Amino acid sequence: MKDISFSQLDSIVPQCAVNLPNLNDLNLPEKVLQFGTGVLLRGLPDYFIDKANKQGVFNGRIVVVKSTSGASDEFDQQDSLYTICERGVQAGEQIESYTLSSAISRVISAQSDWKKVLECAHNPEMQIVISNTTEVGIQLVQDDINNNQPPVSFPGKLLAFLYERYKAFNGDKSKGLVIVPTELIPDNGKKLESIVLELAHLNSLETDFLDWLEVSTTFCNSLVDRIVPGKPKPEVKEAIEAQLGYTDQLLIVSEVYRLWAIEGDEHVKEVLSFGQVDEGVIVEPNIDLYRELKLRLLNGTHTLSCGLAYLAGFKTVSEGMEDEYLSTFVSNLMLAELAPSIPYKVSILTAERFGRQVLDRFRNNSIQHNWLSITMQYTSKMKMRNLATLLQYYQNFPCVPEYFSVGFAAYLLFMKAELAEDGKYYGISNGEKYLIQDDKVAYFAEKWASLSPEELVDSVLSDKFLWGTDLTALKRFAAMIKEYLLKMTNEGVLSTLKIFVRKGEDTLVSMSAEL
């Protein structure tokens, strides 16, 4: 089987439909500088750019900057070609497609080829900077950019690049760039901009450059949402390559769903012209709606379901969604309680449409998302993702949110540490111990050791330091949690889940009969 490269394109004979690049793509100018080689960037921004190039819309390629030292052999050997395998559920149907991307032109190491990175600043065709350096990457480090070595931090490298561009074009205001970070932090563009400006002052850069930076360069907040796991397992990779007819060391598998919401005006939309070819790219003046939908429906449902699902014996999200009881719980929690209670002005139809897309994603058995991994920092996630929704629910409705209460009861039970070893706390579920990775685990261990379940509920819910408010003031919320926490403790989590879902179905049947 052949290794993939531009020279091999004409000779490969795939056993499935593959969206192949055109040899003319080799001649497209480099328009994007990308900090990061990770699978999320290759599976989302680079995916959109490649799709646009294939349709003759954007017509530009990406120079990728590696932050780590060392060669980029896999990219070099394959002419930076790589395959994106999309697998998932869309509108209830299984989807599988293959694309050979030629969006990346080359990969440069910042450590060993910093001069080449700076040379890209002299390219008049350059328009965009994209980054994904992890949340830690957007931090202020007092970098010195006035030497020939790469600055330590990503904001430092970016400032050095922008300053080089400013000098290369003598302050031409038409040569500014659109910068779109994808790090998963709120207001990532604004935060990056403030750090770059502060670094510019710390480096005593001239006022004219500061003016150029503020007038000509646009920093955009953005939100990315697509599950792109790391390199697929060897057996999965081999099976895919047998279909493709070539080997690919950079092959990635992603879900079908994709979203890149970017905060920008008409100028930004014009520069990011690749957004024309895919509804997954959204450029709007305000992207708070998309952030709220993702936070409250996808993340919020995950958080209120993960402890329940894990304690009930389910390992992965897709496995849980194959069970009629857990699937019903997740669906009703999301659509009946969370969707109408989003603390943001959003139509219920928009929320429900987004929610049904999320449910399709949860059912995707090509993505192995472990419930246990979602429980990491459970308490802070519960507060950040679900507290505002809970309070909004009580403003909207005169009754207790039962699905929310069941999920919260399971959270409290999950946080019950049965043993401690080497400074770590473990719970026990279905005869197996599990690691509780939460900054508040010692707090809960003490509560469970000294209080009855009913007392624990009152103590935890009334803790204003933990939640910022007294949750026992919410009508019947504490009582409902106590009821289901005791059932889970005495009868088991899976049994409690089944009883709860059956009760809900019986209630719906009774209501229908009355109508």
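Two strands pair if DSSP finds at least two bridges between them; strands (E, at least two residues) and helices (H or I, at least four) are DSSP runs, numbered from the N terminus. The model is predicted: local features need pLDDT of at least 70, side-chain atom pairs count only at pLDDT 80 or more, and totals for chains, interfaces and linings use all residues. Residues are numbered from 1 along each chain as its sequence is written, and side-chain values use heavy atoms, with hydrogens and water left out.

**Exercise 1.** Is strand S7 mostly covered or mostly uncovered?

*Solution.* 
- Step 1. Buried means under 20% relative accessible area, exposed over 50%, and partly exposed in between (1.4 Å probe, protein chains only).
- Step 2. Of the 6 residues of S7 (104-109), 5 are buried, and the strand is mostly covered.

**Exercise 2.** List the buried residues of helix H18 (residues 453-461) and say how they are arranged.

*Solution.* 
- Step 1. The buried residues are Pro453, Leu456, Val457, Val460 and Leu461.
- Step 2. Seen down the axis of H18, they fall within an arc of 115° (taken from the directions from the helix axis to the C-beta atoms), so they line one face of the helix.
- Step 3. Their cover includes helices H16 (402-414), H17 (441-450), H19 (464-467) and H20 (477-491).
- Step 4. Leu412 touches residues including Leu456, Val457 and Val460 (contact means heavy atoms within 4.5 Å), not counting residues up to four places away in sequence.

**Exercise 3.** Over which residues does pLDDT stay under 50?

*Solution.* 
- Step 1. pLDDT is the predictor's confidence in each residue, from 0 to 100.
- Step 2. The chain has a mean pLDDT of 93, with 97% of its residues at 70 or more.
- Step 3. The stretch is residues 508-515, for which the model has 0 contacts beyond four places in sequence.
- Step 4. Where pLDDT is low, the predicted coordinates should not be read in detail.
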